[in-house]
Amino acid sequence: MIPRRSRRSITVAAALAILLAGCGLAPSTSPVDAVDFDSPLAIPPLADSTVENGVRVFELTAQEGQLAFTDGDTTATRGFNGEFLGPTVRAERGEEIAFRITNELTDETTVHWHGMHLPPEMDGGPHQPIAPGESWEPTWTIDQPAATLWYHPHPHGATEHQVYQGLAGLFLVDDEHSSTATLPQEYGVDDIPVIVQDRDMDVETGQIEHDRLGGDGTEVGLLGNVIMTNGVIGAYRDVTTDRVRLRLLNGSTARTYSFGFEDRSVMLVASDGGLMPEPVELDEVRLSPGERAEIVVEMDPGERAMLRSFPPDLGNLAAGFAAGEKDEFDVLELRAASELRGTDEPSWTYEDVGLVESDATVEREFELNGRRINGAEMDMSRIDEVVEVGSTEIWTVRNGELNPHNFHVHDVQFEVLTIDGEAPPRELSGRKDTIYLEPHREYRLLMRFEHFTNPEVPYMYHCHLLQHEDAGLMGQFVVVEPGEEPGEPPEQEHHDH
Ligand code: C2O
Ligand code: CU
């Protein structure tokens, strides 16, 4: 059993509120609107596929939409195969897959497979644009451990807008370890996808507002007043088992969350790159934009349990309140049936992929400052780093200022060796593709680049706070054969800022 968490934070907060009220000062209130949790959680449908000559083929259409999020009018949205967000793609390790992606938007887009190990031409970054009315057909064989990944647009300079408008979906990879694990695994029943996003919304009219995108002078980007899970504001989910698995994706453009419950701890079973080496019991799970966590929550018959976001520990920021470090709010209510089906204690086999520090032959350093990495803003025609295929490397990453950033690397899943020379906390002991960077701390990340080379088509690394990424906090690396020279990234015809 998972022990109940202590109630420390509540007591302190309550005491502080009383104290401040006594002085005639109101305690600071969260900029997130309080709402009733009385709308059923939507579960993104599993994407249809057909098998053609042994290849599993999915179709995705990026399209304009209209959706009513409140009792008010509909508001303009975008989605894949629907009004908002996209279907959950699900495939198995070893499968050869392909997508037919059509862009029915009025502007250029791309579809990037966040967390996926795949050839750079299939990656869907800024070098694989799809013009309006055009299609793109990437194909690859899935070869990585089971994990909760996701897909989203990545057009140069316009990612924040497009993700905010609703273009995002989950991509679940299964393998023998995930399918034989003792874990809740019935999609949408006891294995529940939860895409958490915030929006600026005029709640009266139901209109999503875009004015603060693109940099409004705050350092973090847009922090919205409304929280949605799978596109639903104030959602609840009926639960019929005594354990549920939540696959949490922070699909927000800027906000970092610290998910948990007031009265119980949770078991972290998987991070970005898949199952953890062992279960980690936590009071709160911090997720910055782009990160995922799979947690198992224990439920008692008949109870209601509120998934909340507590004030996230963002490190020592200059203006943490403006980055949301004081914000706390409800996210999703779990409502247990009066009788719950019993489930077994979670267990699984961890696949060690053999990442070993002593194998590292190359070390690189990256410092993030403002909208630059190592002093340079993103340039589509410049290759920043050249990596030899097969090599194991250590990337030392540092947030050089007192503003929030995180760091995401395409193509690989890394392991966190140290943070400021110390072993990372247990929740960072699994494989990751995105990591929050507390100011002025040094993160040493171990990764191996395998299988795919192309001297001309780069992969990206960047901050996943999307306004930062769009404004230049991104760099490019190519993976080459030993001794091979990097080429020049092909010109982009549709390049559009
Ligand atoms: Cu989630 Cu470079 O992206
Ligand atoms: Cu950043």
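Tutor: Phe58, Phe80, Phe99, Trp113, Trp140, Tyr151 and Phe171 are joined by ring pairs into a cluster. The model is a predicted one, and 22 aromatic pairs are found in it. Take Trp113 and Trp140: their ring centres lie 5.3 Å apart with the planes at 50°, so this pair is tilted. Trp113 belongs to strand S7 (residues 112-114) and Trp140 to strand S9 (residues 139-141), so the pair ties together parts 27 residues apart in sequence. Trp113 and Trp140 are both buried. Another pair is formed by Tyr257 and Phe259, with ring centres 5.1 Å apart and planes at 10°; the pair is therefore stacked. Tyr257 and Phe259 are both buried as well.

Rings also meet charges. Arg335 lies over the face of Tyr236, 3.7 Å from the ring centre. At Tyr164, the charged end of Arg199 sits over the ring, at 4.9 Å from its centre.

Turning to nonpolar packing, the largest nonpolar core has 42 residues, and Val297 and Met299 have the most contacts inside it. Strand S25 (residues 329-341) gives the most to this core, with six residues. Leaving out residues up to four places away in sequence, Met299 touches Val239, Thr241, Asp242, Val244, Arg264, Ala305, Leu334, Ala336 and Leu340. Another core, of 33 residues, lies apart from the largest one and includes Ala254, Phe366, Ile373 and Val412. Nonpolar side chains tend to be buried together in soluble globular proteins.

As for charged pairs, the whole structure has 41 salt bridges. One of them joins the side chains of Arg245 and Asp191, at 3.4 Å from N to O. This pair links distant parts of the chain, with Arg245 in strand S18 (residues 243-250) and Asp191 in strand S12 (residues 191-199), 54 residues apart. Arg245 and Asp191 are both buried. Glu278 and Arg426 form another salt bridge, their closest N and O atoms being 3.6 Å apart. Here Glu278 lies in strand S21 (residues 274-282) and Arg426 in the loop between strand S31 (415-419) and strand S32 (434-437), 148 residues apart. Glu278 has 45% relative accessibility and so counts as partly exposed; Arg426, at 45%, also counts as partly exposed. Lys326 and Glu325 form a salt bridge too, with the closest N and O atoms 3.7 Å apart. Glu325 counts as partly exposed because its relative accessibility is 23%. Finally, salt bridges link Asp272, Glu291, Arg292, Lys432 and Asp433 in a network.

Key. Residues numbered from 1 in each chain as written. Chains lettered and ligands numbered in written order. Predicted model: local features only at pLDDT ≥ 70, side-chain atom pairs only at ≥ 80, totals over all residues. Heavy atoms only, no water. Salt bridge = Lys/Arg side-chain N within 4 Å of Asp/Glu carboxyl O. Helix = DSSP H or I, 4+ residues; strand = E, 2+ residues; numbered from the N terminus. Buried < 20%, exposed > 50% of the residue type's maximum accessible area, 1.4 Å probe, protein only. Core = buried A, V, L, I, M, F, W, Y, C linked by side-chain atoms within 4.5 Å. Contact = heavy atoms within 4.5 Å. Phe/Tyr/Trp six-rings, centres within 6.5 Å; stacked < 30°, edge-to-face > 60°. Lys NZ or Arg CZ within 6 Å of the ring centre and 35° of its normal.
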